Amino acid sequence: MELTKYEREIWEQIKNWEQEQLNYVAYDFEYKVDQWIEATVSKLPENIQNQFFKQLDQWIFFIQTAIQQTESLDKRIERLLTEAKTTHTEIETINDLKILPIEYLNLFADRQSSIHQLYSLFQGASLGTKSNILLLADLPAMAVINLRAIQLISISYGYDVKKPFEMMMALKIFHCATLPKRFRNKAWFDLLDEVKKDEVKYFYDGNEQLTDTTWLTAPIMQVLKLLLITLFRNKKEDRFSFVSMFFGAGLNYHFTKNITEFAKRFYQYRYISEKIT
């Protein structure tokens with residue numbers, strides 16, 4: 001099928017974005033961080049390493065499943081389908097959204113991106129308070145916000161994340177988008193290979209492992225963020241609480257912005273590549 005002018009523009013944007021990823025040059029500091037993490041993890045017995053990453057994967061799977069079972073997700077899907085029906089009355093299911101031009105799907109996805117970026121901003125700002133509960137809840141809260149954002153962006157482009165294959169794709173996008181930039185190239189093209197087959201997919205039969213040593217930079221940086229915020233909060237002057245608020249809000253917002261952009265590019269690629277084939 002021939003692409004529209006706007007679809008060709010989006011396709012060109014994706015290719016330029018890919019080149020930016022490919023041309024990224026890591027700093028010496030980043031390599032040193034990699035070496036430190038790898039050396040630290042390698043000191044652990046292999047069975048403990050395997051168990052650690054297995055538990056980490058299970059934790060991410062649990063959050064993903066819990067989000068899908070919430071009533072709020074179903075309501076968002078229902079509102080999206082209702083809105084889409086005003087343009088095409090034949091739309092009944094999530095997959096039917098692919099009938100719409102990509103301009104509409106981008107609007108749906110942009111809305112979800114903006115909403116979840118605000119959620120992250122408010123979550124980060126809450127760290128400026130003196131509540132230790134909010135501080136401890138930051139890591140799971142950020143996982144929930146960003147996994148939910150990916151799910152709703154997937155749905156915006158007509159891919160039902162309640163299907164096992166699409167659920168696994170959403171998890172792999174989360175993994176890939178939170179990798180350090182120097183590791184994203186291979187992970188991105190691995191994702192594209194997953195969706196190149198022509199047959200309709202329901203079950204996932206690939207490698208279900210998500211986390212490994214290269215992925216640990218993301219949670220480590222989140223922990224460092226919390227440590228810095230704790231240092232600011234422990235100061236007696238009130239202004240340091242505001243520093244913590246702005247610091248936490250800015251980092252969380254930027255974190256979610258990168259993830260939602262990555263998810264949008266992936267689903268735009270799928271939508272357009274399916275039209276080409």
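## Ground rules

Residues are numbered from 1 along each chain as its sequence is written. In this predicted model, local features need pLDDT of at least 70 and side-chain atom pairs count only at pLDDT 80 or more, while totals for chains, interfaces and linings use all residues; side-chain values use heavy atoms, leaving out hydrogens and water.

## Aromatic pairs

Rings of Phe, Tyr and Trp (its six-membered ring) pair if their centres lie within 6.5 Å; planes under 30 degrees apart are stacked, over 60 edge-to-face, and the rest tilted. The count is 10 aromatic pairs. Trp-11 and Tyr-269 are stacked, 5.1 Å centre to centre with 25° between the planes. Trp-11 lies in helix H1 (residues 5–22) and Tyr-269 in helix H11 (residues 239–276), so this pair ties together parts 258 residues apart in sequence. Helices here are DSSP runs (H or I, at least four residues), numbered from the N terminus.

Trp-11 and Tyr-269 are both buried, that is, under 20% relative accessible area (1.4 Å probe, protein chains only). The rings of Tyr-159 and Tyr-267 have centres 5.5 Å apart and planes at 35°, so they are tilted. Both of these tyrosines are buried.

## A cluster and a charge

One aromatic cluster includes Trp-11, Tyr-159, Tyr-267 and Tyr-269. The charged end of Arg-270 sits over the ring of Tyr-159, 4.0 Å from its centre. The rule asks for NZ of Lys or CZ of Arg within 6 Å of the ring centre and within 35 degrees of the ring normal.

## Asn-252

Asn-252 lies in helix H11. Asn-252 is buried, with a relative accessible area of 0%. Leaving aside neighbours within four places in sequence, Asn-252 is in contact (heavy atoms within 4.5 Å) with residues including Ser-120, Asp-138 and Lys-225.

Conventions. Helices (H or I, at least four residues) and strands (E, at least two) are DSSP runs, numbered from the N terminus. Buried means under 20% relative accessible area, exposed over 50%, partly exposed in between (1.4 Å probe, protein chains only).
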